[in-house]
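Thanks, everyone. I have one structure to walk through today. Please look at the screen.

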Amino acid sequence: MGVAMVVSIDLAAQSTHRAFALSMDALTGRYTHHLTGGPEGLEESLFTQLRVEAGVRESAPAVEGYISLGPTTLRLIGFDVFSEQNLGSRFVHAARGDEGLRLLTEPDTVLLSAVTAKRLGLRPGDTLHVVVETRPYNLKFVGYAEGGLAPDPALEGMVLGDITTAQ
């Protein structure tokens with residue numbers, strides 16, 4: 001009985017670790033480092049230094065933060081589609097197609113997961129009246145982060161946009 005208990009606990013721990021690793025891989029692709037700039041952020045020239053001067057070609061800038069949509073708090077992630085192309089992250093997959101093009105060509109546009117949109121009663125074309133810190137903003141919901149694929153639970157609670165929109 002004791003051996004069975006130890007084996008079951010070990011299997012549960014391994015399963016949890018594997019599920020976490022798969023979730024992280026689904027969201028971030030092959031990322032190995034994360035630079036954080038604090039409240040002031042990082043100088044944009046740092047990206048050029050890393051990518052060009054230091055030769056870290058597989059790098060991509062992102063902006064993360066939280067926004068309030070009524071009583072709901074969502075995680076806003078702004079990413080650079082061009083830099084992310086070869087990293088295999090969930091964000092590039094999410095931004096393919098017409099919706100992804102709209103992120104680049106129309107200001108203040110975002111993608112939501114199908115699960116999040118359904119939970120909030122939102123449809124593509126709706127305007128999101130959000131608050132960042134204490135400032136109000138309007139964002140246009142242009143499509144689903146999954147595109148035409150099945151809903152992705154890893155994207156639940158996230159708002160994806162171009163890095164310029166997130167900044």
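This is a predicted model: local features need pLDDT of at least 70, side-chain atom pairs count only at pLDDT 80 or more; totals for chains, interfaces and linings use all residues.

I'll go from the overall fold to the salt bridges, then a pocket, an aromatic pair and a surface patch.

Start with the fold. The protein chain holds seven helices and six strands. What order do they come in along the sequence? The pattern reads α-α-β-β-α-α-α-β-α-β-β-β-α. The chain has 167 residues, and 32% of them count as buried.

Now charges. In general, side chains of opposite charge can pair when their charged atoms come close. How many salt bridges does a search of the whole structure find? Four. I'll show some of them.

Take R75 and E64. Their side chains meet in a salt bridge, at 2.5 Å from N to O. R75 sits in strand β2, residues 72–79, while E64 belongs to strand β1, so this pair ties together parts that are 11 residues apart in sequence.

Next, R102 and E106. In this salt bridge the closest N and O atoms are 2.9 Å apart. R102 is partly exposed, at a relative accessible area of 26%. E106 also counts as partly exposed, at 27% relative accessibility.

Then E133 and R135. Their side chains form a salt bridge with an N to O distance of 3.7 Å. The cut-off for a salt bridge is 4 Å, so this pair is counted. E133 counts as exposed, at 69% relative accessibility. R135 counts as partly exposed, at 44%.

Keep R135 in mind. R135 comes back in the second largest pocket. That pocket has about 400 Å³ of space. Which elements give two or more residues to its lining? They are β1 (62–69), β4 (127–132), β5 (135–144) and α7 (163–166). The lining has 17 residues in total. L76, V132, R135, A166 and Q167 lie nearest the pocket centre.

L76 has another contact to show. The C-alpha atoms of L76 and M158 are separated by 5.9 Å. Along the chain, these two residues are 82 residues apart. M158 lies in strand β6, residues 158–162. Its relative accessible area is 6%, so M158 is buried.

On to aromatics. A pair of rings is described by the distance of the centres and the angle of the planes. How many aromatic pairs does the count give? One. The partners are F141 and Y144. Their centres are 5.7 Å apart, and the planes make an angle of 75 degrees. Why is the pair called edge-to-face? Because planes over 60 degrees apart count as edge-to-face, and these are at 75 degrees. F141 is buried, with a relative accessible area of 0%. Y144 is partly exposed, at 28%.

Last stop, the surface. V3, V7 and L11 form a nonpolar patch there. Together they have about 290 Å² of accessible area. L11 is found in helix α1, residues 2–28. Is L11 buried or exposed? L11 is exposed, because its relative accessible area is 51% and the cut-off is over 50%.

Definitions and conventions
Residues are numbered from 1 along each chain as its sequence is written. Side-chain values use heavy atoms; hydrogens and water are left out. Rings of Phe, Tyr and Trp (its six-membered ring) pair if their centres lie within 6.5 Å; planes under 30 degrees apart count as stacked, over 60 as edge-to-face and the rest as tilted. Buried means under 20% relative accessible area, exposed over 50%, partly exposed in between (1.4 Å probe, protein chains only). Helices (H or I, at least four residues) and strands (E, at least two) are DSSP runs, numbered from the N terminus. Patches are made of residues with over 30% relative accessible area and no salt bridge: like charges are joined within 9 Å, nonpolar side chains (Val, Leu, Ile, Met, Phe, Trp, Tyr) within 5 Å. Accessible areas come from the Shrake-Rupley method with a 1.4 Å probe; for residues, only the protein chains shown count as cover. On a 1 Å grid over the protein atoms alone, a cavity is a set of points where a 1.4 Å probe fits but cannot get out, and a pocket is an open set with protein on both sides within 12 Å along at least five of seven lines; lining residues have an atom within 4 Å of a point. Grid points are joined across faces, edges and corners, and a volume is the space filled by probe spheres set on the points.
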